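Let's go through the sheets of this one, question by question. Have a look first.

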Amino acid sequence: MEVLNSFMSWVFKTRLGQIENFKKNPIQTQKTVLFELLDAGRKTEFGRKYHFSEIKNYQDFALRVPLFDYDSFKPYIDRTMEGKQGVIWNSKIEWFSKSSGTTSSRSKYIPVTDESLEECHYKGGKDMLSLYLSNYPNSKLFSGKNLTIGGTLEKNPLNPQGTAKAGDISAVIMKNLPIWAQLVRTPNLETALMSEWEAKIEKMARETMNENVVSIAGVPTWTVVLLRRILELKKATHILEVWPNLEVFFHGAVAFGPYRSLFKELIPSEKMRYMETYNASEGFFGIQDQPNSEEMLLLLDYGIFYEFIPMDEWGQENPHIIPLQEVEIGKNYAVVISTNGGLWRYKIGDTIRFTSTQPFRFKISGRTKHFINAFGEEVIVENAENAISFAAEKTESTILNFTAAPIYFSSEENKGAHEWIIEFKKAPKNKTEFIQLLDNQLRQINSDYDAKRYKDLALKPPVVHFASPGLFENWLGKKGKLGGQHKVPRLSNDRGYLEELLELLKEEA
């Protein structure tokens, strides 16, 4: 195993030179990517419609090709799912990544090409390991198994008799992994892709609890559920009693801040490492490349061309869309991508804030739809996660999940408020103190919220409901959305889902 660990570490470090190249030459790298994409899409139905062959520079591209969201791009995706090839990409599309949430669709399906698998998703996984090994050269990452918590696969709903399949991006990636990668992961593929999540967690726990697990990759929410079940089965107090060689958790999909204290309880070691990735259905966008910073490096040679919409222009009919070289540090931007998966000028719905432009590093700041701005307070997910983590730390409580929505003005009341449901593993002893800390921290980090809260001018103090473990999971189960990338929105102006959770909270009281 020592020989294998040394060899694999050497193999992955060879990519570091290419990473340095796009860090030093970001604009030229992106220009190259754009014209490689245009060349690949030139003879597609989409490329002919928008005259890709006549595009000579970025300005031509921006003028000719309109912006798309999922609903406006969906007709192209639907035709591809029905079996029509050459619509949006020049190679055969056999896979579709499924995730939840659009304004008009219960699920959305994102095309996954061979090129996007190899040159984006798999490259991201390799670069994640390369950067990790560069930061920790004494790692024993290949001396044991990597535990991966995957999603599920299903038939293509628009062509169930065809060969194309759909599923969570983690499941699509896992199903297509090369043999060497399958050999160093656990549990077996059949278990990892099970669709019934209760049975899946149970089987995963029993299969992995006696393995030598050195790394974990997955979503924090489901990782916690699995680790707890393993502790029950092994009658252990923490996970290092089960896996003494565990050294790193590669995590993504949700912000890790609210989970940090929970993982410290489950894995009580200062040597344990955490590394964030930004891998979505649409592509692999970022990796935490510095050991002492939560910023992520924007990945620029992955077959993805980036554009950005300043969030202060979001929702305008003709927002000013900018390429990478025009972004500014500290501003929030909605991300627009064109990819080797066949997406063109596609708004992914995420917002980021750049922390550096030499190289380009960023933090995820939220979702274009997941924020509260009912009263001009403009509270984004990043604000909420910061405030709730602060309150939990100060009150020595441990949070599992949370969500919030506005209480709107009524005829009887001319002031609004934010209503929260917070699921705790360890609730604060003083709930009033927790609410005050949450409210005060939001006021410290968001001047618009602070202005609305001044002397309760427009916003009253937040209303907070304290829930025990299981509420959010039960709600997702009732909605048929257990597993994969499904999750409760952190913030929303729409109270619908919050009302459903409140009803469930009453039932469980």
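Q: How many bridges pair β19 with strand β20 (residues 417-426), and in which sense?
A: This is a predicted model, where local features need pLDDT of at least 70, side-chain atom pairs count only at pLDDT 80 or more, and totals for chains, interfaces and linings use all residues. Residues are numbered from 1 along each chain as its sequence is written, and side-chain values use heavy atoms, leaving out hydrogens and water. Strands here are DSSP runs (E, at least two residues; helices are H or I, at least four), numbered from the N terminus, and two of them pair if DSSP finds at least two bridges between them. For β19 and β20 the sense is antiparallel, and the bridge count is nine.

Q: Which residue in β20 is the bridge partner of Asn401?
A: Stay with the antiparallel pairing of β19 and β20. Across from Asn401, the partner in β20 is Glu423.

Q: What angle does helix α14 (residues 381-394) make with β19?
A: Helix α14 packs on the sheet, touching β19 and β20 (contact is heavy atoms within 4.5 Å). Axes are lines fitted to C-alpha atoms, for helices over the stretch in contact, with angles from 0 to 180 degrees between N-to-C directions. Against β19, that gives about 130°.

Q: Why is one side of β6 (185-186) left without a neighbour in the sheet?
A: The open sheet of twelve strands has mixed pairing and the order β6-β3-β7-β8-β9-β10-β11-β16-β15-β14-β12-β13. β6 stands at an edge, as does β13 (322-323), so each has just a single partner strand.

Q: Which residue in β6 stands opposite Leu147?
A: Strand β3 (residues 145-148) runs parallel to β6, joined by two bridges. Opposite Leu147 you'll find Thr186.
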